[in-house]
Amino acid sequence: MRNQTDIAALNLRKRTPVGRHLLTGAVLLWFGLLILFPLYGIAREALDYSWTTIRTALHSPASLHAFWMTLILTVAAVVINTVLGTISALVLARQRFFGKMLLESSIDLPFAISPVVAGFMLILLFGPNGWLGPVLERMNAKIVYAFPGMLLATLFVTMPFVIKEILPVLREFGAEQEECAAVLGANKWQTFRRVTLPSIRWGLGYGVTLTIARSIGEFGAVLVVSGSIIQKTQTATLRVHDQFTDLNYAGAFSAALVLALVSFVILNVIQYVNRRKGVN
């Protein structure tokens with residue numbers, strides 16, 4: 001039966017070479033127009049300038065602060081969303097409670113809401129004239145146009161990734177091995193570390209990698225809540241936007257090239273982790 005299926009598939013491939021080539025060409029053209037050509041354009045524009053100009057643009061205090069701010073936001077978002085995302089996935093996979101379906105469906109909300117709208121939501125809550133603004137002012141606490149607001153915006157847009165990646169793994173894995181570990185005397189931490197974590201490690205790694213990529217590239221929500229204040233609340237993506245609008249193309253394309261190279265590395269890590277997740 002298998003040989004007949006293989007022969008039929010081979011005959012089908014032989015009969016439709018033109019259609020396959022056209023489909024492959026269309027995919028490559030679409031991929032090139034949307035991804036490869038823009039990346040080539042950024043690289044070409046950046047490399048049109050001398051290395052001295054590029055180095056000067058990237059080593060300016062404002063650029064260094066923007067990259068440093070991006071790094072801090074990314075690390076903080078990854079740590080918080082990894083811990084809370086794993087806990088949330090465990091609760092959704094193992095517990096039954098009222099409103100579980102509503103909570104699980106709301107996880108996809110950051111995918112549906114525009115990042116700019118998310119930023120305005122945070123301003124509505126924590127801004128000077130927002131619902132909690134007077135309370136925060138009396139406490140001398142500042143959320144909007146400061147690092148806490150930028151972190152909240154980044155956490156909002158990156159929240160689903162870890163949960164969405166490990167929740168299906170937990171459900172497929174089941175609770176039988178965890179229950180066996182508990183019967184054998186393992187406490188909850190030992191069960192998680194020796195039984196649950198090894199089963200979700202590749203899904204967790206994939207979710208963390210996606211969180212890193214999204215945190216580095218976030219623009220809309222962070223722009224709204226930060227105000228893009230130079231050397232205070234400006235991230236790398238906001239720096240690119242600021243330099244481009246100020247017609248400082250050397251600084252804009254240099255920073256954009258660095259972000260593109262970082263994204264390329266992250267893309268390869270994602271592909272590796274995804275393959276390992278599929279194998280396991």
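Which helix does L102 lie in? I looked it up: L102 lies in helix 5, residues 100-106. Helices here are DSSP runs of H or I with at least four residues, numbered from the N terminus.

**Ground rules.** I noted that this is a predicted model, where local features need pLDDT of at least 70, side-chain atom pairs count only at pLDDT 80 or more, and totals for chains, interfaces and linings use all residues. Residues are numbered from 1 along each chain as its sequence is written, and side-chain values use heavy atoms, with hydrogens and water left out.

The cut-offs are under 20% relative accessible area for buried, over 50% for exposed and in between for partly exposed, with a 1.4 Å probe and protein chains only. I also looked at L102 and F161, which are 59 residues apart in sequence and 18 Å apart in space, C-alpha to C-alpha.

Next came L259, in helix 15 (residues 249-279). L259 has 13% relative accessibility, so this leucine counts as buried. What does L259 touch, leaving aside neighbours within four places in sequence? I found F67, I216, A236, T237 and V240 in contact with L259, where contact means heavy atoms within 4.5 Å.

**S254.** I stayed in helix 15, where S254 is found too. S254 is buried because its relative accessible area is 2%. A polar atom of the S254 side chain lies 2.5 Å from the backbone oxygen of A250. Setting aside neighbours within four places in sequence, I saw S254 in contact with A46, I54, A57 and L58.

**Two domains.** I wrote down domain 1 as 15-48 and domain 2 as 50-278; these bounds come from an automatic or database domain assignment. Their centres, taken over C-alpha atoms, are 30 Å apart. Seven residues from domain 1 and eight residues from domain 2 make the contact.

How much area do domain 1 and domain 2 bury between them? I got about 570 Å², 85% of it on carbon and sulfur atoms. Buried area is the accessible area (1.4 Å probe) that two parts lose on being put together, summed over both. On the domain 1 side, I42, A46 and L47 supply 66% of the area buried against domain 2, more than any other three residues.

I looked for salt bridges between domain 1 and domain 2 and the count was zero.

**Salt bridges.** How many salt bridges does the structure hold? I counted four, each a side-chain nitrogen of Lys or Arg within 4 Å of a carboxyl oxygen of Asp or Glu.

- I found R94 and E178 joined at 2.9 Å, N to O. R94 is in helix 4 (residues 61-94) and E178 in helix 11 (residues 176-183), 84 residues apart. R94 is partly exposed at 24% relative accessibility, while E178 is buried at 13%.
- I found K164 paired with D108, their closest N and O atoms 3.3 Å apart. K164 lies in helix 10 (residues 160-173) and D108 in the loop between helix 5 and helix 6 (109-112), so the pair ties together parts 56 residues apart in sequence.
- I found R214 with E218, the closest N and O atoms being 2.5 Å apart. R214 is partly exposed at 26% relative accessibility, whereas E218 is buried at 3%.

Notes: Helix = DSSP H or I, 4+ residues; strand = E, 2+ residues; numbered from the N terminus. Polar contact = N/O pair within 3.5 Å; in protein donor to acceptor, adjacent residues only side chain to side chain.
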